[in-house]
Amino acid sequence: MGVNLAPRVVTARDFLMGSIWEGTGDELHTNRLTARRSMFGQRILSGVTGMLLTIDAYRPELIWTPMSRLRWSFDGPLFEGARLDVRGASSGDEHTISGTVGDQIVTHGTAVTGQPEHLPKRPGRASAGRTMTEADAPLFHSWLPGHQADPDHIPWPLIVLTASGLIVRGRHLGDFHTVLNRAFTWSFGPPLALEETIHCELGDVERRPSASRPGLEVVRFEAAVVASASGDHVASVEWVMICR
């Protein structure tokens with residue numbers, strides 16, 4: 001698929017920077033000591049962070065370009081020090097990208113840039129909120145610089161990272177010790193202004209035992225990311241996680 005790009009090595013800084021917005025609710029991503037006792041034997045990079053590294057390695061400008069839709073699959077763990085080989089292809093506004101470690105695809109998906117969608121309001125159970133301050137975008141830019149940051153709006157990756165943290169840390173899916181991304185599809189509305197507080201509104205959560213991973217559960221849900229002051233829905237997601 002497409003062109004091969006220079007590999008990206010996963011560093012300790014990648015673990016740290018992603019956790020600033022996702023938080024430290026799952027120590028599998030942040031605590032080396034706790035992660036040694038996990039099913040992986042070491043900490044793994046959060047799926048969202050791994051996705052962002054892959055997109056950034058393919059085309060850094062996509063991190064800062066308004067996104068219309070994002071479809072992604074998380075196929076395997078990314079460990080500290082891993083060499084992530086990236087391939088991609090573009091056709092107009094659609095960009096198909098994959099990240100491979102060794103001979104295994106660990107993360108892949110499609111990003112569609114362009115005009116944001118008008119998102120219908122679907123009220124649900126509200127999470128806690130987080131204010132996206134004028135300091136967030138420059139800090140994120142220091143990690144994944146890409147092109148010049150928009151000084152007036154929060155980039156779409158921070159919405160995805162923050163929503164992941166609000167949902168998982170708030171234990172809205174259940175009392176799970178391990179939460180792993182499997183797949184999601186995002187739709188994005190108008191850009192989010194700085195200093196706006198966002199929260200998530202979750203629909204019903206569906207749970208079933210995993211057929212391929214005994215002892216784990218497949219968790220499906222839909223959620224909206226809402227600008228708390230205006231009530232505008234700035235993003236929505238259909239999400240699948242694997243939990244224990």
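1. Which residues in helix 4 meet which residues in helix 5? On the helix 4 side they are Asp136, Ala137 and Phe140, and on the helix 5 side Pro157, Leu158 and Leu161. Five of the residues in this contact are nonpolar, none is polar and one is charged. Please keep in mind throughout that the model is predicted.

2. The geometry of that pair is as follows. The axes of helix 4 and helix 5 are 11 Å apart, and the packing angle is about 100°. Angles of 65 to 115 degrees count as roughly perpendicular, and helix 4 and helix 5 are therefore roughly perpendicular to each other.

3. Helix 5 also packs against helix 1. Here the axes come within 7 Å and cross at roughly 65°, so helix 1 and helix 5 are again described as roughly perpendicular. Helix 1 contributes Gly18, Trp21 and Glu22 to the contact, while helix 5 contributes Leu158, Leu161, Thr162, Ser164, Gly165 and Arg169. By class, this contact has three nonpolar, four polar and two charged residues. Leu158 and Leu161 are listed for helix 5 in the contact with helix 1 and also in the contact with helix 4.

4. Helix 1 deserves a separate look. Its buried residues are Asp14, Phe15, Met17, Gly18, Ser19, Trp21 and Glu22. An α-helix has 3.6 residues a turn, so residues three or four places apart point the same way. The packing partners of the buried residues of helix 1 are strand 2 (8–9), helix 3, strand 7 (125–132), helix 4 (136–143) and helix 5. Just after helix 1, Gly23 has a positive phi of about 85°.

5. On the largest pocket: its volume is about 530 Å³. The lining consists of 38 residues, and those closest to the pocket centre are His29, Leu45, Ser46, Gly47 and Asn181. Two or more lining residues come from each of helix 1 (12–22), helix 3 (47–58), strand 6 (104–113), helix 5 (156–169), strand 9 (179–188) and strand 14 (233–243). Helix 1 supplies the largest share, five residues. The lining divides by class into 15 nonpolar, 16 polar and seven charged residues.

6. Most residues other than glycine have a negative phi. Arg171 has a positive phi, near 55°, and is located in the loop between helix 5 and strand 9. With a relative accessibility of 45%, Arg171 counts as partly exposed. Glu195 likewise has a positive phi, near 75°, and sits in the loop between strand 10 (192–193) and strand 11 (196–202). Its relative accessibility is 46%, so Glu195 too counts as partly exposed.

7. Pro190 belongs to the loop between strand 9 and strand 10. Exposed means over 50% relative accessible area, and Pro190 is exposed at 51%. Not counting residues up to four places away in sequence, Pro190 touches Pro116, Glu117, His233 and Val234. Leu173 is 17 residues from Pro190 along the chain, and their C-alpha atoms are separated by 27 Å.

8. Val205 is in the loop between strand 11 and strand 12 (206–209). Its relative accessible area of 24% makes Val205 partly exposed. Setting aside neighbours within four places in sequence, Val205 is in contact with Arg125, His172, Leu173, Val219, Arg220 and Phe221. Between Val205 and Ala223, 18 residues apart along the chain, the C-alpha separation is 9.8 Å.

9. Gly231 lies in the loop between strand 13 (217–227) and strand 14. Gly231 is partly exposed, at 23% relative accessible area. Its contacts, leaving aside neighbours within four places in sequence, are with Lys121 and Val226. Asp136 is the helix 4 residue already named in the contact with helix 5.

Conventions: Residues numbered from 1 in each chain as written. Predicted model: local features only at pLDDT ≥ 70, side-chain atom pairs only at ≥ 80, totals over all residues. Heavy atoms only, no water. 1 Å grid on protein atoms, 1.4 Å probe; cavity = no way out; pocket = protein on both sides within 12 Å on 5 of 7 lines; lining within 4 Å. Points joined across faces, edges and corners; volume = space filled by probe spheres on them. Helix = DSSP H or I, 4+ residues; strand = E, 2+ residues; numbered from the N terminus. Nonpolar A, V, L, I, M, F, W, Y, C, P; charged D, E, K, R; others polar. Axes fitted to C-alpha atoms, helices over the stretch in contact; angles between N-to-C directions. Parallel < 35°, antiparallel > 145°, perpendicular 65-115°, else oblique. Contact = heavy atoms within 4.5 Å. Buried < 20%, exposed > 50% of the residue type's maximum accessible area, 1.4 Å probe, protein only.
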